[in-house]
Amino acid sequence: EGSSFAPVRIGSPEQTRVIFEEYRASSESEGEAAASGDYETHYNLGLAYKDMDLFEDALEEFQMAANLTSPADGTGRYLQCCNLLGHCFVQTGAPEVAVKWFAKGLSAADVSDEERMALTYEIGSAYEQAGDLHHALESFTEVYGNNVSYRNVNERVKTLKTSLGEKSTITPLVSRSEQLVN
């Protein structure tokens, strides 16, 4: 009785959004420490918003989480935020901004070779989406130089070289069984 909320179908995306908004409002009313000092809260809200395709809300939460960590803290949190921010910016049609966040992720402490390759590949994809084919080719070529079978990097390099009118020297990867047959 007396509730100011409109009825919402249980299990609907709108219900989930209402619950998150209520949670966010209660967190903010509990003081500044809960609103701005809790990495886990912002990060988890960001994940939930991203899963619901609410990318603008996810961006806000991931940016707050990223501001609560640093590239040198050694926890991997900064890298996670940078990666997720990059993906969300791609989804919102801002691949140029995504490139900046993926590149920031490369500055995190203790980035593994696999993480570096993944971020470089994502940078190439974002550049390609932005229409910057030269930088996309540069990023994909770097990945190709480290692992020719990473995702579909050999095809991406070949396609970009064709689009740019460059002669491709990359031959498609042939499986060992195909080599034996031929």
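Arg77 forms a salt bridge with Glu40, their closest N and O atoms lying 2.9 Å apart; a salt bridge here is a side-chain nitrogen of Lys or Arg within 4 Å of a carboxyl oxygen of Asp or Glu. Because Arg77 belongs to helix H5 (residues 77-91) and Glu40 to helix H3 (residues 39-51), the pair ties together parts that are 37 residues apart in sequence. Helices are DSSP runs (H or I) of at least four residues, numbered from the N terminus. This is a predicted model, in which local features need pLDDT of at least 70 and side-chain atom pairs count only at pLDDT 80 or more, while totals for chains, interfaces and linings use all residues. Residues are numbered from 1 along each chain as its sequence is written, and side-chain values use heavy atoms, with hydrogens and water left out.

Arg77 is partly exposed at 30% relative accessible area, and Glu40 is partly exposed at 36%, where buried means under 20%, exposed over 50% and partly exposed in between (1.4 Å probe, protein chains only).

The structure holds three salt bridges, and another of them joins the side chains of Glu122 and Arg151 at 2.9 Å, N to O. Glu122 lies in helix H7 (residues 113-130) and Arg151 in the loop between helix H8 (133-146) and helix H9 (153-163), so this pair ties together parts 29 residues apart in sequence. Glu122 is buried, at 13%, whereas Arg151 is partly exposed, at 45%.

Glu128 and Arg156 also meet in a salt bridge, at 2.4 Å from N to O, linking helix H7 with helix H9 across 28 residues. Here Glu128 is partly exposed, at 24%, while Arg156 is buried, at 19%.

Technical notes:
Helix = DSSP H or I, 4+ residues; strand = E, 2+ residues; numbered from the N terminus.
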